[in-house]
Amino acid sequence: MNMMISMAWRNIWRNKVRSVVIMISIALGLVAGLFIMGLYEGVLNDRLNTVIRQEVAHLQVHHPRFQRDYEAVFCLDSASRLVERIRSLENVQAVSARTVAPGMLATSTGSAGVQILGVMPVDEDAVSGLKQKLIEGEGFKANRHNQVVIGRKLADKVNLRLNSKLVLTFTDSENNLVSAAFRVAGVYQSTNAPLEERLVYVHAADLNRLMQMEDACHEIAVLLNRDEAMTTAEQQLNRLYPNLLIENWQQLSPETKLMIETTDTYSIIFIVIIMLALMFGIINTMLMAVLERTREIGMLVALGMNKLRLFMLVLWETVILTLTGAPFGLLLSWLLITHLGNSGIDISSISGAAMSGFGFSSLIFPRFPWSSLPLVLYIVCITALLASLVPSFKALRLIPVEAMRQ
Amino acid sequence: MWLLKLAWKNLWRNRSRTLVTQSAISFAVLLSVTTSSLQDGVFDHFVRNMVSYYSGYIQVHKVGYWEQQILDNAAVRNTAVESVIANHPDVNALASRIESYALASVDEITKGCVVIGVEPDAEPQITQLDQRVASGRYFEHNDQRPVALLSEGLAKRLQLPVGDTVILISQGYHGAMAAGKYRVIGLVRFGSPELNDQVLYLPLPVAQAFFSAENLVTSYVLSLATDKNLERTAASIHRSIGQEYEVMTWKEMMPEVDQHIQTDKGTMYIISGILYLLIGFGIFGTLLMLMAERKYELGMLVAIGMKKQKLMVVLLIESVLNVVVGCVAGMLASVPVVWYLHVHPIRFSGELAEAYQRFGFEPVFPASTDGWLFVVQGIVVLAMGFLLSLYPLLKVWRLDVVTAMRK
Amino acid sequence: MDTIIDAHQVTKTYNPKAIPVMAVNDVHMHIERGEFTALVGPSGSGKTTLLNLIGGLDKPDTGSIVIHGTDITRLSANQLIDFRLRNIGFVFQAFNLIPVLSARENVELIMQLQRAPKAEIRKRAAILFDQIGLTDKMDTRPAQLSGGQQQRVAVARALASRPQVVLADEPTANLDSKSASNLLDIMSKLNREENMTFIFSTHDQRVIERARRVITLVDGKIASDTARVDTSHRHDV
Ligand SMILES: Nc1ncnc2c1ncn2[C@@H]1O[C@H](COP(=O)(O)OP(=O)(O)OP(=O)(O)O)[C@@H](O)[C@H]1O
Ligand SMILES: [Mg+2]
């Protein structure tokens with residue numbers, strides 16, 4: 001055994017360039033695997049952040065029938081107490097209570113179907129960053145009634161400016177049609193065009209008054225300080241309010257979940273392809289190494305080295321190369337990903353596509369994929385070992401008499 | 001000539017070595033073709049799914065409609081324009097729509113909704129609307145009856161079963177009052193809550209009558225054979241139908257989807273780069289061992305009086321033969337692989353597949369069979385192979401006879 | 001006496017389909033323990049082929065080869081490997097040694113493959129290096145040894161596992177006459193001291209003179225088989 005390892009070890013140093021090429025290949029394979037994972041984690045993290053921090057938040061609380069019917073009566077009573085209670089829970093960063101009314105927005109030139117959200121401006125800023133999304137106007141001002149903040153797409157569509165007047169029509173809690181005039185106090189821009197076209201924000205006090213609702217709301221959005229705390233928080237809320245519907249972002253934004261899982265799945269496909277490339281590199285190089293040593297292997301067999309040992313000899317060589325290449329790869333990936341994670345990769349310069357200003361960033365910030373590290377390491381090592389089987393078998397198939405005639 | 005012969009003999013004499021080298025190259029081609037065909041296929045599939053949802057690849061409106069989506073910006077139907085569009089070689093199908101908002105009410109309940117008037121026969125060619133019917137039936141051929149298809153979510157909100165009647169109220173063309181009663185003949189299901197909660201379909205003439213917008217359409221929706229010529233097709237249609245119309249691609253209509261795809265394409269380029277790097281290393285490793293193995297032989301040839309230049313020519317010929325044969329073999333080998341992945345696309349299962357099906361997407365990653373892919377990837381590897389073949393030449397150039405002959 | 005090799009009607013044909021070459025043709029051979037035999041004959045007469053057959057590297061088409069009671073023509077490939085490891089020592093014409101192992105490691109390799117105890121391996125290696133007179137070169141890599149020294153190490157390695165017979169195919173072909181005679185000295189010394197059976201093929205007349213039995217092959221057949229006066233004592237004193 002010792003002899004085998006020491007022979008394998010010395011074989012490695014026979015042709016240093018070759019061994020370095022294999023080690024670099026293995027390191028590169030590892031870097032590739034981790035980098036792809038890191039890249040996607042960066043992309044997904046970015047999108048997830050957008051979805052959670054700008055759109056749906058981590059969790060939302062509704063009356064169980066509300067989302068099906070959008071009826072004003074399916075509201076959460078004693079909203080302020082509920083909000084305070086939720087706010088005091090562990091890991092909760094911000095909470096926003098919203099009164100929701102589907103309705104129509106009309107101006108002198110046109111109309112559009114909208115979703116009216118009555119919010120407490122400070123709370124909404126904390127949960128979905130409404131204030132940061134404003135591109136025109138300053139948003140809600142204290143002591144003014146009937147202000148509205150609308151999306152840029154909607155503003156363009158129905159020709160609204162800052163301070164324009166518009167009429168919102170919706171049904172109140174008694175199912176009467178209510179219309180009221182509002183003035184545009186701000187225009188926001190988001191990365192989600194359909195939402196930007198549909199969601200309009202008004203002050204909760206105004207909307208509740210118009211809908212004849214007292215201390216009530218329809219939706220409570222809960223932002224947590226850690227993504228990982230979501231399941232616990234969800235369970236806690238479910239325990240506290242068994243009669244309410246608690247949903248997480250995955251349920252609220254199935255498209256995002258879909259996208260994330262799609263990306264996860266196809267990143268695995270590409271890792272498999274990259275691994276095939278790595279495997280073929282190792283196979284060829286090791287195969288050449290075996291062919292180079294034909295005579296010597298023939299002699300070893302003639303002297304009585306049995307097949308298992310010969311097999312192990314070539315296998316050990318690959319194992320050692322893998323074990324030396326892998327740490328390099330790890331270190332390199334870590335350096336690369338942390339560096340790019342800080343500076344960002346400009347995707348537009350790579351794909352050649354102009355990233356237009358829709359609030360999108362063309363920078364990707366890869367994150368070191370700690371969670372998939374064992375998987376990638378495992379895949380790379382298995383790949384290297386599988387690859388070494390081919391040259392090992394080739395070595396076995398050499399016929400000593402013929403090998404030595406060369 | 002004798003150099004060529006020598007090179008040829010060298011290749012034949014050590015067949016396993018030649019085979020390893022050539023298979024290294026062809027495997028490189030095979031991998032890069034497969035990768036790029038999967039990458040292309042995934043995006044094609046994704047785009048096809050996205051546009052078949054609602055928007056189509058291209059829409060044609062009267063100028064200004066997109067900015068201000070109101071009925072007053074609708075276009076008068078023009079059969080000349082329609083036939084120009086429909087006869088464009090890249091256009092697969094064409095459907096007209098009229099679209100606006102309305103309040104839908106049933107008894108006490110009133111909800112806002114999007115009313116879309118569609119051509120019952122043409123629409124399914126673009127959005128497979130008929131296949132999205134979850135209960136009830138789809139419109140009939142040339143349907144003129146006052147009937148409606150509701151999205152499931154909307155029907156739930158209105159507590160409206162198939163067979164009942166819904167009342168629509170809205171503002172029609174030029175501010176006319178619009179009101180009508182429609183029998184619900186079916187429910188359609190969409191994976192996206194956006195659509196599922198608010199759309200209501202009427203046959204086109206019925207919708208036009210409702211909005212007092214006889215012979216008006218808000219949009220022509222086009223489906224294309226492929227996403228490849230999207231911009232070119234849009235521009236050429238625009239040229240031929242004139243400035244009164246705006247021609248918009250799905251990229252302009254759904255910039256956020258385009259952004260996501262661009263980002264993903266960027267990451268794909270990075271992945272391809274990594275792949276090339278690994279492939280390059282694989283080929284280099286092979287050439288390296290090749291040279292190590294042949295050192296003695298080459299040293300001997302120089303020792304017995306062969307000029308290094310001549311030897312380099314021989315090696316160059318060998319490399320060119322190896323690389324070319326490898327590339328061609330790789331391209332040939334990738335045809336069945338890609339074809340297989342096209343016919344039997346990688347199918348995924350579990351939660352993700354369910355989610356896909358909810359959205360009405362097929363849960364597969366198909367491969368693209370675009371012939372260009374093969375050529376482009378073949379050429380990339382060919383170039384890489386030639387570049388790496390310089391290594392043996394360099395090695396010969398620097399060959400020292402005495403050290404080479406020492407075993 | 002103790003029979004080591006009993007070959008009977010051994011035939012080996014190459015290219016049986018195209019242009020058949022009878023490399024070894026109906027050979028009978030009987031060798032006792034402790035013999036020191038030279039296999040001679042013109043180039044292409046079948047010496048290497050015969051040695052390969054006896055060593056179990058190749059299989060004859062017909063006939064049987066019994067080595068110390070075992071008919072090796074009946075062994076499977078795996079059994080043959082093991083048989084070689086325990087019963088046959090090889091010395092080849094050139095490039096005999098594993099380049100990445102030192103001289104001592106080359107000698108120890110066989111014993112390690114046989115899983116001999118470590119202490120014994122050490123002891124045996126030391127004795128052998130003493131016998132071939134290379135104790136000071138034990139830790140040198142083959143590349144740093146002369147051709148003659150390499151062949152001496154190869155002989156030591158062949159003897160390391162105390163095989164039944166040592167087969168050497170033109171061991172002196174690449175050596176100058178002084179090194180050749182030195183190698184022969186060592187071989188005949190080990191032949192006597194360890195009572196080791198040697199068969200070696202050669203073209204060299206001076207080497208032939210040192211053998212005690214000479215078998216001549218012509219076209220794969222044994223043309224003559226003569227015992228010689230024991231001349232090795234000349235160098236003894
Ligand atoms: N693998 C092979 N295939 C075909 N013919 C072979 C093969 N090996 C040996 N021969 C032929 O068998 C015959 C005997 O060869 P062998 O090598 O045994 O001769 P030899 O006596 O060792 O010659 P030399 O003194 O030159 O080493 C020769 O005619 C040779 O051409
Ligand atoms: Mg011979």
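Colleague: In the sheet of chain C, which residue is the bridge partner of Leu167(C) in E8(C)?

Modeller: Please bear in mind throughout that this is a predicted model. Strand E7 (residues 165-169) and strand E8 (residues 197-201) of chain C pair in the parallel sense, over five bridges. In E8(C), the residue bridged to Leu167(C) is Ile199(C).

Colleague: Which strands stand at the edges of the open sheet in chain C?

Modeller: The sheet has six strands with mixed pairing, in the order E6-E7-E8-E3-E9-E10 (chain C). Two of these strands each have a single partner, so one side of each is left without a neighbour in the sheet. Those edge strands of chain C are E6 (88-91) and E10 (221-227).

Colleague: Which strands of chain C does helix H5 lie across, and at about what angle does it run to E6(C)?

Modeller: Two helices of chain C can be described together here. Helix H1 (residues 47-54) of chain C lies across E3 (36-40), E6, E7, E8 and E9 (213-218), running at about 155° to E7(C). Helix H5 (residues 147-160) of chain C lies across E6, E7 and E8, and its angle to E6(C) is about 170°.

Colleague: Turning to chain B, how far apart do the C-alpha centres of domain 1 and domain 2 lie?

Modeller: The domain assignment of chain B gives domain 1 as 2-51 + 258-405 and domain 2 as 58-253. Their contact takes eleven residues from domain 1 of chain B and nine residues from domain 2 of chain B. The C-alpha centres of these two domains are separated by 49 Å.

Colleague: Which residues in domain 1 of chain B lose the most area to domain 2 of chain B?

Modeller: The two domains of chain B bury about 860 Å² between them, with 50% of it on carbon and sulfur atoms. On the domain 1 side, three residues together account for 43% of what that side buries. They are Val51(B), Asp258(B) and Phe359(B).

Colleague: Which helix gives the most to the side of domain 1 of chain B that touches domain 2 of chain B?

Modeller: Between these domains of chain B there are two salt bridges and one residue pair in polar contact, counted where both residues are at pLDDT 80 or more. Helix H2 (15-51) and helix H10 (255-303) of chain B each supply at least two residues of the domain 1 side. The helix that gives the most, with five residues, is H2(B).

Colleague: Why does the salt bridge of Arg53(A) and Asp227(A) tie together parts that are apart in sequence, and by how many residues?

Modeller: The side chains of Arg53(A) and Asp227(A) meet at 3.3 Å, N to O. Arg53(A) lies in helix H2 (residues 16-56) of chain A, whereas Asp227(A) lies in the loop between strand E11 (219-224) and helix H10 (230-240) of chain A, so the parts they tie together are apart in sequence by 174 residues.

Colleague: How many salt bridges does the rule find across the interface of chain B and chain A?

Modeller: This contact takes 69 residues from chain B and 74 residues from chain A. The two chains bury about 6600 Å² between them, 70% of it on carbon and sulfur atoms. Over all chains the count comes to 36 salt bridges; across the interface of chain B and chain A, the number is zero.

Key: Residues numbered from 1 in each chain as written. Chains lettered and ligands numbered in written order. Heavy atoms only, no water. Pairing = 2+ DSSP bridges. Helix = DSSP H or I, 4+ residues; strand = E, 2+ residues; numbered from the N terminus. Contact = heavy atoms within 4.5 Å. Axes fitted to C-alpha atoms, helices over the stretch in contact; angles between N-to-C directions. Domains from an automatic or database assignment. Buried area = accessible area lost by both parts, 1.4 Å probe. Salt bridge = Lys/Arg side-chain N within 4 Å of Asp/Glu carboxyl O. Polar contact = N/O pair within 3.5 Å; in protein donor to acceptor, adjacent residues only side chain to side chain.
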